[in-house]
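What follows is a walk through a predicted model.

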Amino acid sequence: MKTSVTLPPYVLNKCRQFFSPSNFMKFVKDDAGRIAILPFYLYVLRTVSLTQARIDMSEHDQDSDGFLLSTQEMESYIMGLIPNLAQLRDMLETFRQMYCRIAAQKFFFFCDPHRRGKACIKKILLGNCLQELMELHQESEEEVTETEQAENWFSLTSAQRVCDMFLALDKDASGSLSKQELKEYADGTLTEIFIERVFDEHVRRGKSSRVNSREMDFDSFLDFVLALENKDTPEGLTYLFRCLDLQGRGFLTTADIHSLFRDVHKKWIEGGNYELCIVDVRDEIWDMVKPSDPLKITLNDLLGCKQGGTVASMLIDVRGFWAHDNRENLLQEEEEPPEEESQ
């Protein structure tokens, strides 16, 4: 005997938007003109989740202008999510505020690139950061590998890693990093000229009149790490380009490339590597970027060539240059299947 279920009118009204012809046309159809249930279900789930996220964020939008005006408002939103995210439920209460600070900084790094102190809620909803955060709904023990946890900025593993990194660099436990302390980042592979430029462009001057009073606070350190770990994104590359642009002219010349790579070359030789010609490296970078103006490289050139992150690594990090120099060997190692253990 067949049974039918009659849904209340308010439920039908809420569901009607998902069954429109325009939505149907968004999905791949089989030979009979039908769409698969799973993709449609995931679409509905994501749409409902985004709607709920919009409502939740709006509660923290104090002046109702569609923007979160501070990282504190974003931190408050994230704090409310923690009990609902499977991988964060067991977080120690003492670490929650620090976690929210680390998580909120990524939203503002990508959604407030001009550092105006406010992030558009619509941009947050449409960006990748929220999707990455929502991946923490998955039960970590069953569905997520350790590698995936480490690569997700919002995972507890990643947040603890960044926090431990800062504490290890802060030798004098002052709560901020000096240039000398930051030079130890990534085992000291970053060049001195790059560290100097980071402080010039991205670290605010302290109120003290002492010459060496300028130090990097934790929020600036988070931006620094985000830029280095997302060099291939427009936001990460924009952060790094300001450091590479030694004269603040909006472009790099061959002289700038020579000055930047000179420090990499020094570390390269100190590491016992073969001698190389700086001019050859400079020419290789020019060939990689293929700038629209043959005499200078702009940020748009780096973004357009799709190798901007690699170029930036070559100019600021001896390990980044080593990876580029050995790219063929590294690629071959990735393609080779693991050897089977002998029985």
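Arg96 has a relative accessibility of 15%, and because the limit for a buried residue is under 20%, Arg96 counts as buried. Its salt-bridge partner is Glu93, with the closest N and O atoms 3.8 Å apart. Glu93, by contrast, is exposed, with a relative accessible area of 60%.

Tyr99 can be followed through its contacts beyond four places in sequence. Tyr99 is in contact with Ile78, Ile82, Leu88 and Met91, among others. Further along the chain, the contacts of Tyr99 include Leu133, Leu136, Phe154, Ser155 and Ala159.

Next comes a region with an annotation. An unreviewed UniProt entry places the feature "domain: EF-hand" at residues 157-192. In the model this span is 50% helix and 0% strand, and its end C-alpha atoms lie 30 Å apart. Glu192 forms a salt bridge with Lys183, the closest N and O atoms being 3.7 Å apart. Lys183 has 19% relative accessibility and so counts as buried, while Glu192 is partly exposed at 46%.

Another salt bridge links Arg242 to Glu201, where the closest N and O atoms are 3.3 Å apart. Arg242 lies in helix H14 (residues 234-244) and Glu201 in helix H12 (residues 192-202), so this pair ties together parts that are 41 residues apart in sequence. Arg242, with a relative accessibility of 38%, is partly exposed. Glu201 is partly exposed as well, with a relative accessible area of 27%. Both belong to a network of salt bridges that also includes Arg197, Asp200 and Arg214. For the model as a whole, the salt bridges number 16.

Helix H13, residues 218-229, contains Ser220. Is Ser220 buried or exposed? Its relative accessible area is 8%, so Ser220 is buried. Leaving out residues up to four places away in sequence, Ser220 touches His202 and Tyr239.

Helix H18, residues 308-316, is mostly covered, with eight of its nine residues buried. The buried set opens with Gly308 and Gly309 and includes Val311, Ala312 and Ser313. Met314, Leu315 and Ile316 are also among the buried residues of H18.

The last stop is the surface. Ile37, Leu38, Tyr41, Leu42 and Leu45 make a nonpolar surface patch of about 550 Å². One of these residues, Leu38, is found in helix H3, which runs over residues 37-60. Leu38 has a relative accessible area of 56%; the limit for an exposed residue is over 50%, so Leu38 is exposed.

Note on methods. Residues are numbered from 1 along each chain as its sequence is written. This is a predicted model: local features need pLDDT of at least 70, side-chain atom pairs count only at pLDDT 80 or more; totals for chains, interfaces and linings use all residues. Side-chain values use heavy atoms; hydrogens and water are left out. Contact means heavy atoms within 4.5 Å. Helices (H or I, at least four residues) and strands (E, at least two) are DSSP runs, numbered from the N terminus. Buried means under 20% relative accessible area, exposed over 50%, partly exposed in between (1.4 Å probe, protein chains only). Patches are made of residues with over 30% relative accessible area and no salt bridge: like charges are joined within 9 Å, nonpolar side chains (Val, Leu, Ile, Met, Phe, Trp, Tyr) within 5 Å. Accessible areas come from the Shrake-Rupley method with a 1.4 Å probe; for residues, only the protein chains shown count as cover. A salt bridge is a side-chain nitrogen of Lys or Arg within 4 Å of a carboxyl oxygen of Asp or Glu. UniProt positions are given in the numbering used here, feature names are shortened, and annotations may be inferred rather than shown by experiment.
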